[in-house]
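Dear colleague,

I am passing on the structure below, together with some notes on what was found in it. Please look at it first and then read on.

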Amino acid sequence: MMAADVVRMSKFLSLVLRHKPEEIGLALDGSGWTSVEELIRLANQHGTRLTWPLLEHVVAENDKKRFELSEDGQRIRASQGHSVEVDLALPPAQPPSVLYHGTALRFVESIRASGLHSAGRQHVHLSPDVPTATKVGQRHGKPVVLVVRAGEMAAAGHTFFLSANGVWLTNEVPTEFIGFPPG
Ligand code: HQG
């Protein structure tokens, strides 16, 4: 399988496992899991050629490890990034004192006014390091990296979760916990 095919298949899996399972008639359980067999059957039925080895290859090779298989390998879910309502049932985790949020310059004034909100997704996504946050921000435009005082937030009662693929999640970030770059 070519790298481009992995990307294409990864986009398809993101669509049906995070955003629009109904597009192929798929059902996710309350924690976002679904049967691999069912997913493969429905994908093929809707014109996306997918096999068990192909799927395992995409899960393993995905650049951000976006998908996880259950221990018995029979079920699959996206590790984070959902817009459909799911409870990932992640245990709350103590964040490092500082986390980063990559965004685009054009959003900064609005974030300064109202803090970070999850918009279409279920959580605000935070990165453990600046290079990762920069890449996330670049998806939206000229990247800006905001510093989030996560340790202070946790002490103030905000809950954090760490997804299986290393993304920190929280419900919102009030503006007083955000460090903005000067200018
Ligand atoms: C912005 C990717 C104006 C927020 C990444 C972001 C991530 C506000 C955008 C994951 C705002 C939402 C998520 C406010 C937040 N005013 N704009 N008050 N509050 N925003 O794509 O964090 O490749 O839903 O800054 O790696 O960019 O999909 O979230 O720019 O982990 O696996 O609203 O998606 O992973 O955009 O990215 P998104 P995100 P995947």
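Which residues does Val36 touch, not counting residues up to four places away in sequence? Val36 touches Trp52, Leu55, Leu69, Gly73, Gln74, Arg75 and Ile76, where contact means heavy atoms within 4.5 Å.

Before the rest, a word on the basis of these notes. This is a predicted model, in which local features need pLDDT of at least 70 and side-chain atom pairs count only at pLDDT 80 or more, while totals for chains, interfaces and linings use all residues. Residues are numbered from 1 along each chain as its sequence is written, and side-chain values use heavy atoms, with hydrogens and water left out.

To return to Val36, this residue lies in helix 2, which covers residues 36-45; helices (H or I, at least four residues) and strands (E, at least two) are DSSP runs, numbered from the N terminus. Val36 counts as buried because its relative accessibility is 0%, with buried meaning under 20% relative accessible area, exposed over 50%, and partly exposed in between (1.4 Å probe, protein chains only). Between Val36 and Glu85 there are 20 Å in space, C-alpha to C-alpha, and the two are 49 residues apart in sequence.

On the overall layout, the chain is divided into domain 1 (3-78) and domain 2 (99-179), with bounds that come from an automatic or database domain assignment. The C-alpha centres of domain 1 and domain 2 are 27 Å apart.

Next comes a pair of helices. Helix 1 (residues 3-19) packs with helix 3 (residues 52-61) at an angle of about 95 degrees, and their axes are 10 Å apart; here the axes are lines fitted to C-alpha atoms, for helices over the stretch in contact, and angles run from 0 to 180 degrees between N-to-C directions. Helix 1 and helix 3 are therefore roughly perpendicular to each other, on a scale where angles under 35 degrees count as roughly parallel, over 145 as roughly antiparallel, 65 to 115 as roughly perpendicular and the rest as oblique. From helix 1, Val6, Met9, Ser10 and Leu13 meet Leu55, His57, Val58 and Glu61 of helix 3. Sorted by class, this contact of helix 1 with helix 3 has five nonpolar residues, two polar and one charged, given that Ala, Val, Leu, Ile, Met, Phe, Trp, Tyr, Cys and Pro count as nonpolar, Asp, Glu, Lys and Arg as charged, and the others, Gly among them, as polar.

Charged side chains also deserve a paragraph. Side chains of opposite charge can pair when their charged atoms come close. A salt bridge is taken to be a side-chain nitrogen of Lys or Arg within 4 Å of a carboxyl oxygen of Asp or Glu, and by this rule the count comes to seven salt bridges. One of them joins the side chains of Asp5 and Arg8, at 3.4 Å from N to O; both residues lie in helix 1, three residues apart, about one turn of the helix. Asp5 counts as partly exposed because its relative accessibility is 25%, whereas Arg8, at 53%, counts as exposed. Another salt bridge links Arg112 with Glu109, whose closest N and O atoms are 3.4 Å apart, and since these two are three residues apart in helix 4 (residues 108-114), about one helical turn separates them. A further salt bridge is formed by Glu152 with Arg149, with the closest N and O atoms 3.5 Å apart.

Two alanines have backbone angles worth a look. Ala89, in the loop between strand 3 (75-78) and strand 4 (99-104), has a phi near 60 degrees, a positive value in a residue other than glycine. Ala119, in the loop between helix 4 and strand 5 (124-126), likewise has a positive phi, of about 50 degrees, although it is not a glycine. Ala89 is exposed because its relative accessible area is 57%, and Ala119 is exposed with 75%.

Finally, Ser127 lies in the loop between strand 5 and helix 5 (130-138) and counts as buried, its relative accessibility being 6%. Apart from neighbours within four places in sequence, Ser127 is in contact with Leu99, Tyr100, Thr132, Ala133 and Val136.
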